[in-house]
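Have the sequence and the structure at hand as you read.

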Amino acid sequence: MSRAALVTGAASGIGAAIAGRLRRDGWDVLGVDLRDDAETVGFAADLTTREGNRNAVAAAVERFGRLDAVIPNAGFQHVAPVAEFPEDRWDAIVALLLTSPFLLARYAWPRLLEAGDGRFVAIASAHALVASPFKAAYVSAKHGVLGLVKTLALEGAEHGISATAVCPAYVRTPLVEGQIADQARAHGLPEERVLEEVILAPQPVKRLIEPDEVASVVAFLLGPDGASFTGVPVTMDQGWTAR
């Protein structure tokens, strides 16, 4: 019987790459996003709500009869100084990037227990380990995700459930491309200088990571050779956190 996975934020970028890779590896995958009009998305849900997360897990179980892995990936970004950071943006980012992974774990936990070797692989960020200015909500949420993963690893150990947080540096996604204008405004730079002087500045290796690279790491963590990784950040940050 095929193993079954739930991947959020599956319409584009990292989520689409993960959903596609797992399907090629023989997994049954339910991709979840706000809309289900993308090839990699099979269920639409608002993951900033409890109902949306509950329904996403229920849809995966109904469709496949089991759930072996949960990959919370959905997210968005807002760039602004803390004194100007919109409170509603804080609420929305924390809801999607931190509360949603918790709710997905909570609702999926009985099925991960049934799987015997359930996996929870959150797509975090190098920002789970370090901070950047003008990203109060994103950095706080990603730090929280790493704490959640550590807790899930401790609770799941005796039941064969592992939990990890993949922590890439900047990935070539619509989320990264979409923040260039905001970064330019926040740093007082022209947009053409943002990639080199802001986005890639902390990295010794000056390139964006491709979504397929992240998908390959997730595939490894979900496979038999990834079973010993639990409670840890799996860092692919182009040397960012070596400083």
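## A patch on the surface

Phe229 is partly exposed, with a relative accessible area of 32% (partly exposed lies between buried, under 20%, and exposed, over 50%, with a 1.4 Å probe and protein chains only). Phe229 sits in the loop between helix 8 (211–222) and strand 7 (232–236); helices (H or I, at least four residues) and strands (E, at least two) are DSSP runs numbered from the N terminus.

Together with Phe220 and Val232, Phe229 forms a nonpolar surface patch of about 220 Å² accessible area. Such patches join nonpolar side chains (Val, Leu, Ile, Met, Phe, Trp, Tyr) within 5 Å, from residues with over 30% relative accessible area and no salt bridge, and the areas come from the Shrake-Rupley method with a 1.4 Å probe, where only the protein chains shown count as cover for residues.

## How the model is read

This is a predicted model, in which local features need pLDDT of at least 70 and side-chain atom pairs pLDDT 80 or more, while totals for chains, interfaces and linings use all residues. Residues are numbered from 1 along each chain as its sequence is written, and side-chain values use heavy atoms, without hydrogens or water.

## The cores

The largest nonpolar core has 44 residues, and Leu6, Val57, Leu67 and Phe120 have the most contacts inside it. A nonpolar core is a set of buried Ala, Val, Leu, Ile, Met, Phe, Trp, Tyr and Cys residues joined through side-chain atoms within 4.5 Å. Helix 3 gives the largest share of this core, 10 residues.

## A buried aspartate

Asp237 follows strand 7, in the segment after it. Asp237 is buried but has no salt bridge, and Arg243, the nearest side chain of opposite charge, is 9.1 Å away (a salt bridge puts a side-chain nitrogen of Lys or Arg within 4 Å of a carboxyl oxygen of Asp or Glu; Lys and Arg count as positive, Asp and Glu as negative, and His and the chain ends are not counted).

Terms used: Patches are made of residues with over 30% relative accessible area and no salt bridge: like charges are joined within 9 Å, nonpolar side chains (Val, Leu, Ile, Met, Phe, Trp, Tyr) within 5 Å.
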